[in-house]
Amino acid sequence: QVQLVESGGGLVHTGGSLRLSCAASGRTFSSYAMGWFRQAPGKERQFVAGISKNGGSTYYADSVKGRFTISRDNAKNTVYLQMNSLKPEDTAVYYCAAGSGPPVGYDYWGQGTQVTVSS
C-alpha cells in the first residue's frame with residue numbers, strides 16, 4: 001500500500017508556471033506507475049499525465065501536451081508535474097495516483113491540491 005501527498009498548488013496568472021509534487025510513503029514507490037489527474041468544478045475527473053515505473057515512458061492528455069511535463073525521482077519517492085503556459089481552463093484540483101497505470105488503472109490517490117489560473 002502507498003500513501004500519496006500532493007503539494008505545490010496555488011494561484012497563478014495566465015501564462016505562469018507551477019510545479020506540483022507528490023510524495024509517496026513506503027518502500028515500493030518504484031513498483032508503481034504514477035499519474036496526475038484533475039477535476040474542475042462540475043466536471044468529471046480527467047487524466048492529465050502518466051509515467052512508467054522507471055520513468056522511461058510518459059504520456060499526456062492532448063490538452064496539456066507541450067506545456068506540462070511529468071517526471072519522477074524514485075530515490076525520493078516523488079513524482080512531479082511541471083506546468084508551464086498555464087491557462088484558466090487548467091484550473092482544477094490536481095490529484096496524483098499510483099497503480100498499474102493504463103490500461104489497468106490506478107489504485108491509490110492523494111487528497112489533491114488546488115490550482116487556480118486567473119485570466
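The accessible surface of the protein chain amounts to about 6,100 Å², and 48% of this area belongs to carbon and sulfur atoms (Shrake-Rupley method with a 1.4 Å probe; for residues, only the protein chains shown count as cover). The structure is a predicted model, in which local features need pLDDT of at least 70 and side-chain atom pairs count only at pLDDT 80 or more, while totals for chains, interfaces and linings use all residues. Residues are numbered from 1 along each chain as its sequence is written, and side-chain values use heavy atoms, with hydrogens and water left out.

The protein chain contains zero helices and eleven strands (DSSP runs numbered from the N terminus, helices being H or I of at least four residues and strands E of at least two). The radius of gyration of the protein chain, 13 Å, is close to the 14 Å that the globule rule gives for 119 residues, so the chain is as compact as a globular protein of that length; the radius is taken over C-alpha atoms, and the rule is 2.2 Å times the number of residues to the power 0.38. Along the principal axes, the C-alpha atoms fill a box of roughly 40 × 25 × 25 Å. Of the 119 residues, 45% count as buried (under 20% relative accessible area, with exposed meaning over 50% and partly exposed in between; 1.4 Å probe, protein chains only). Among contacts between residues at least 6 apart in sequence, 54% join residues at least 24 apart, a contact being heavy atoms within 4.5 Å.

A search of the whole structure finds one disulfide (a pair of cysteine sulfur atoms within 2.5 Å). This bond is formed by C22 and C96, whose sulfur atoms are 1.9 Å apart. The torsion about the S-S bond is about 40°, so the disulfide is right-handed. Because C22 belongs to strand 3 (residues 18-24) and C96 to strand 9 (residues 92-101), the pair ties together parts that are 74 residues apart in sequence. C22 is buried, with a relative accessible area of 0%, and C96 likewise counts as buried at 0%.

Three salt bridges are present in the structure (a side-chain nitrogen of Lys or Arg within 4 Å of a carboxyl oxygen of Asp or Glu). In one of them, the closest N and O atoms of R38 and D90 are 2.9 Å apart. This pair links distant parts of the chain, with R38 in strand 4 (residues 33-39) and D90 in the loop between strand 8 (78-83) and strand 9, 52 residues apart. The side chains of R67 and D90 also meet in a salt bridge, at 2.7 Å from N to O. Here R67 lies in the loop between strand 6 and strand 7 (68-73), 23 residues from D90. R67 is buried at 10% relative accessible area, and D90 is buried at 1%. Salt bridges that share partners join R38, R67 and D90 into one network. A further salt bridge pairs K65 with D62 at 3.2 Å from N to O; D62 counts as exposed, at 67% relative accessibility.

S52 is placed in the loop between strand 5 (46-51) and strand 6 (58-60), and counts as buried at 16% relative accessibility. A polar atom of the S52 side chain lies 3.2 Å from the backbone nitrogen of G56. Not counting residues up to four places away in sequence, S52 touches A33, S57 and R72.

Key:
A polar contact is a pair of N or O atoms within 3.5 Å; within protein, one must be able to donate a hydrogen and the other to accept it, and residues adjacent in sequence count only if both atoms are side-chain atoms.
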